[in-house]
4 protein chains.
Amino acid sequence: MIRALVWGENVHEHSNAAVAKIYPDGMHATIAAALRDDAGIEADTATLQEPEHGLPEARLKNTDVLLWWGHKAHGDVADAVVERVQNRVWGGMGLIVLHSAHFSKLFKRLMGTPCSLKWREAGERERIWVVDRSHPIAQGIGDAIEIPHTEMYGEPFTVPEPMQTLFITWYEGGEVFRSGMTWQRGAGRIFYFAPGHETYPIYHQPEIRQILRNAVRWAHNPAPAWHGIAEAPNVPVGNAPEGLTQKGERLHADGEAGYR
Amino acid sequence: MIRALVWGENVHEHSNAAVAKIYPDGMHATIAAALRDDAGIEADTATLQEPEHGLPEARLKNTDVLLWWGHKAHGDVADAVVERVQNRVWGGMGLIVLHSAHFSKLFKRLMGTPCSLKWREAGERERIWVVDRSHPIAQGIGDAIEIPHTEMYGEPFTVPEPMQTLFITWYEGGEVFRSGMTWQRGAGRIFYFAPGHETYPIYHQPEIRQILRNAVRWAHNPAPAWHGIAEAPNVPVGNAPEGLTQKGERLHADGEAGYR
Amino acid sequence: MIRALVWGENVHEHSNAAVAKIYPDGMHATIAAALRDDAGIEADTATLQEPEHGLPEARLKNTDVLLWWGHKAHGDVADAVVERVQNRVWGGMGLIVLHSAHFSKLFKRLMGTPCSLKWREAGERERIWVVDRSHPIAQGIGDAIEIPHTEMYGEPFTVPEPMQTLFITWYEGGEVFRSGMTWQRGAGRIFYFAPGHETYPIYHQPEIRQILRNAVRWAHNPAPAWHGIAEAPNVPVGNAPEGLTQKGERLHADGEAGYR
Amino acid sequence: MIRALVWGENVHEHSNAAVAKIYPDGMHATIAAALRDDAGIEADTATLQEPEHGLPEARLKNTDVLLWWGHKAHGDVADAVVERVQNRVWGGMGLIVLHSAHFSKLFKRLMGTPCSLKWREAGERERIWVVDRSHPIAQGIGDAIEIPHTEMYGEPFTVPEPMQTLFITWYEGGEVFRSGMTWQRGAGRIFYFAPGHETYPIYHQPEIRQILRNAVRWAHNPAPAWHGIAEAPNVPVGNAPEGLTQKGERLHADGEAGYR
């Protein structure tokens with residue numbers, strides 16, 4: 001059983017009538033329901049408004065894959081929580097970054113780039129082309145997915161070269177976008193998926209829901225958590241794999257920790 | 001003329017007699033001198049102790065390639081300066097990260113990973129193998145470089161998969177390390193180069209100095225600075241490349257900025 | 001059940017007494033037995049000497065992952081069989097390339113590079129360091145594997161930059177080697193694994209056998225075979241996703257095939 | 001001075017009136033003229049019809065960057081010439097693969113994949129978006145290039161993940177394509193550039209010509225040719241960097257060549 005956790009900013013659902021109508025229980029609830037259609041996934045939710053944004057250490061420890069949707073309130077996410085989540089990704093938790101979360105603190109920290117793009121909210125048509133139909137995330141989808149009303153996200157999308165480009169979007173208004181890409185950071189697998197503007201019922205669309213389920217399965221790393229991945233252990237001279245004797249000058253006394 | 005700037009932490013040179021003897025004017029001065037052996041490079045220095053660590057906005061603007069050596073005082077580098085340098089790298093400034101700067105705030109932010117490794121200060125022998133002899137950074141070097149006394153840095157080195165692995169090191173004590181790798185972040189080219197422990201005269205070694213010069217030339221991006229790379233510009237409906245009319249619901253009024 | 005097929009050149013086992021003693025039933029038999037220790041893998045064998053080298057179309061179609069060991073007789077493998085196997089890899093069959101098969105026609109065709117390296121047959125010690133312990137292929141292995149007697153394979157190993165570098169080897173004689181790397185070609189996942197010189201009992205070593213089993217599971221792509229991946233289908237004007245009318249000059253009449 | 005050589009198939013220019021009208025001296029001549037607008041490039045041409053297709057060993061040796069345009073006659077290119085060119089790319093010659101040459105023997109050999117795509121010859125509009133404006137190949141170009149009449153090349157384009165995706169195309173008919181990508185094979189830098197269907201005057205368009213010049217400069221590797229890159233040299237025990245004594249069984253006598 002893969003333990004997924006859907007994090008929702010949960011703001012526009014309460015302040016914008018159009019959004020509230022499409023997602024009466026919040027976007028996170030709709031996304032979690034999509035995941036539960038896979039009997040091998042158990043999906044829970046967390047929101048910005050909960051203590052520690054619903055992401056205390058213990059909960060992250062018991063999460064295999066985190067999905068992140070945020071837009072208006074990126075700045076309200078506490079740095080300490082961002083750092084905690086980033087550490088858990090490094091340790092092996094999968095991460096699925098959705099739509100406007102391209103500008104979340106979390107994604108920008110994991111990418112090390114601006115993660116900027118162009119945008120237009122015109123309700124235009126989007127066609128997502130599948131670049132690699134053999135990838136686990138693209139299973140059960142045809143050659144392309146059409147979304148009748150979408151927000152345009154256009155290149156340049158300033159992210160590092162991905163492990164793989166899986167989807168590229170064509171927009172009615174004339175732009176293109178690498179709408180599905182993967183990376184790895186530490187032991188954690190990351191998938192960015194562009195569709196999901198809150199004023200359109202995109203997370204109710206069957207192919208999008210299928211991709212979310214596929215992505216959770218792909219991002220799940222069953223390896224034991226990589227504890228201590230951020231540590232820099234000293235290997236004492238006496239423990240070198242090959243016999244060694246200390247030579248030359250040194251900064252550190254035996255057993256001393258390194259600098260950080 | 002490529003404008004290089006060598007940033008040195010400049011701490012151990014004043015607190016450790018062995019380091020002071022090898023680098024009486026500071027490691028940054030020795031590195032800058034190595035760069036000046038290339039008539040096409042002008043090299044200046046900056047240190048932690050200067051106001052704004054010697055890295056005010058105007059100076060970064062006039063820097064093509066920054067070299068960064070830090071070890072004991074990573075935590076003393078102001079976050080605002082780190083952010084400023086990261087932005088300049090995104091805009092196109094090359095960055096050469098040296099030795100213990102693997103744990104600098106700057107490198108960790110640009111990589112999005114822990115950047116951890118194993119280490120041992122035993123003065124052992126290191127042999128750096130050239131993986132791609134055709135790369136600009138490897139020119140004028142033979143098949144391998146021997147460093148008689150070095151600090152061991154061992155795998156796993158928790159960085160993202162590089163654009164290219166250029167050098168891999170063999171250590172007398174039995175470990176290996178990807179000692180030269182490249183990445184790109186925004187418009188900025190990044191090279192990490194492992195050798196350079198302060199208690200050994202590594203930056204006086206001719207092949208190492210050659211690699212530093214080569215790296216400055218490689219990291220120099222002559223393209224105009226990518227201003228606004230971190231911005232997310234709105235494309236109004238009327239400016240869409242293909243004729244569009246507004247459809248469906250929307251969050252943003254015309255001309256409104258996006259959320260960050 | 002994953003259907004693995006171990007292809008062995010099966011030459012030295014019959015011509016060299018040392019090899020025959022270590023692998024009395026052939027190296028392919030030993031490797032297949034290692035795979036069968038995983039109850040989810042069924043493993044069969046094929047050899048150079050069989051008709052079509054034991055790799056007729058129908059058998060490849062029913063193979064999920066192919067393992068390839070060859071050395072002395074690369075030139076004896078028929079080009080038609082190489083092409084057939086390459087096509088099946090593109091369609092989704094996993095491929096594990098072992099030791100001296102770095103110079104097989106198959107691997108060179110899939111990489112598009114010379115796949116050359118340095119070598120020395122001195123029976124020296126090898127230590128394989130795990131670069132990414134979170135990868136499926138590295139599960140159940142510690143930080144490193146020691147092989148007491150091995151053939152040295154040294155950098156530069158002229159392959160394309162991999163999807164991931166998983167293992168790097170340290171040799172007693174002073175060289176290093178990227179001894180485990182992954183790539184994808186079409187729908188097929190490829191893993192190269194360096195150990196396996198025939199005069200040493202390397203495929204009897206438990207950690208090596210574990211890696212082979214892990215690699216079979218990783219290389220298995222459960223997606224439907226990508227039939228027609230090498231075709232270039234025409235999309236008639238009338239079938240364009242967006243309404244189009246024919247404009248300008250053209251080379252091809254309606255329904256005509258493209259050039260190859 | 002960079003020595004560029006433009007190879008043209010030179011068939012349609014003589015058999016199709018529309019093509020002959022646009023390219024009266026052959027497409028190769030038009031492309032070479034575009035390159036000569038850069039005073040640092042000298043450009044020559046070669047065609048399929050010449051002896052050895054105009055690509056004898058000596059000429060390749062004196063070529064820094066080769067541009068390849070082919071379409072109808074891929075099968076007429078002699079395998080021996082393809083192999084020769086591939087070897088020269090490995091040794092360091094840059095290669096620019098144009099339009100329908102995606103299906104050339106040469107490109108398929110260097111990629112190791114089918115290099116297939118979808119296509120439609122409808123004279124529709126194409127907009128090439130620049131993904132990385134800081135790349136040398138994208139200099140002097142704005143955010144996008146419009147080609148009024150083009151052949152559609154659609155995803156999936158079955159090539160290996162590139163070093164970088166530089167351009168992505170939007171088509172009027174609804175498809176997308178990664179129209180500019182880079183790879184490295186051995187010491188050779190490779191750029192694929194999609195535009196260039198022979199029935200439209202695409203190589204007369206200023207921005208396209210600028211990209212070709214930029215690409216020649218980028219693909220030029222000034223490093224000495226990597227002779228012997230396809231060889232696998234033996235390192236005798238006595239020449240090991242670290243002192244070694246022969247141990248265990250061996251296949252090869254001293255000084256014996258390895259198997260290929």
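1. How many residue pairs are in polar contact between chain B and chain C? The count is eight, with both residues of each pair at pLDDT 80 or more; a polar contact is a pair of N or O atoms within 3.5 Å, where within protein one must be able to donate a hydrogen and the other to accept it, and residues adjacent in sequence count only if both atoms are side-chain atoms. Salt bridges between chain B and chain C number zero, the criterion being a side-chain nitrogen of Lys or Arg within 4 Å of a carboxyl oxygen of Asp or Glu.

2. The model is predicted, with local features requiring pLDDT of at least 70 and side-chain atom pairs counting only at pLDDT 80 or more, while totals for chains, interfaces and linings use all residues. Residues are numbered from 1 along each chain as its sequence is written, chains are lettered from A and ligands numbered from 1 in the order in which they are written, and side-chain values use heavy atoms, leaving out hydrogens and water.

3. Chain B and chain C bury about 1700 Å² between them, 61% of it on carbon and sulfur atoms; buried area is the accessible area (1.4 Å probe) that two parts lose on being put together, summed over both. On the side of chain B, Trp129(B), Glu161(B) and Trp170(B) lose the most area to chain C, together 31% of what that side buries.

4. The contact (heavy atoms within 4.5 Å) draws 21 residues from chain B and 21 residues from chain C. Strand 5 (118-130), strand 7 (164-171) and strand 8 (176-185) of chain B each give two or more residues to this side; strands (E, at least two residues) and helices (H or I, at least four) are DSSP runs numbered from the N terminus. Strand 7 of chain B supplies the largest share, six residues.

5. Chain B can be laid on chain C with an RMSD of 0.0 Å by a turn of 180° and a shift of 0.0 Å along the axis, superposing by least squares on the C-alpha atoms of residues with pLDDT of at least 70 in both. The two copies are therefore related as by a two-fold rotation axis. In chain B, the C-alpha nearest the axis belongs to Trp170(B), 3.2 Å from it.

6. Within chain C, Thr182(C) lies in strand 8 (residues 176-185) and is buried, with a relative accessible area of 1%. Glu57(C), in helix 4 (residues 57-61), is exposed at 52%. Buried means under 20% relative accessible area and exposed over 50% (1.4 Å probe, protein chains only).
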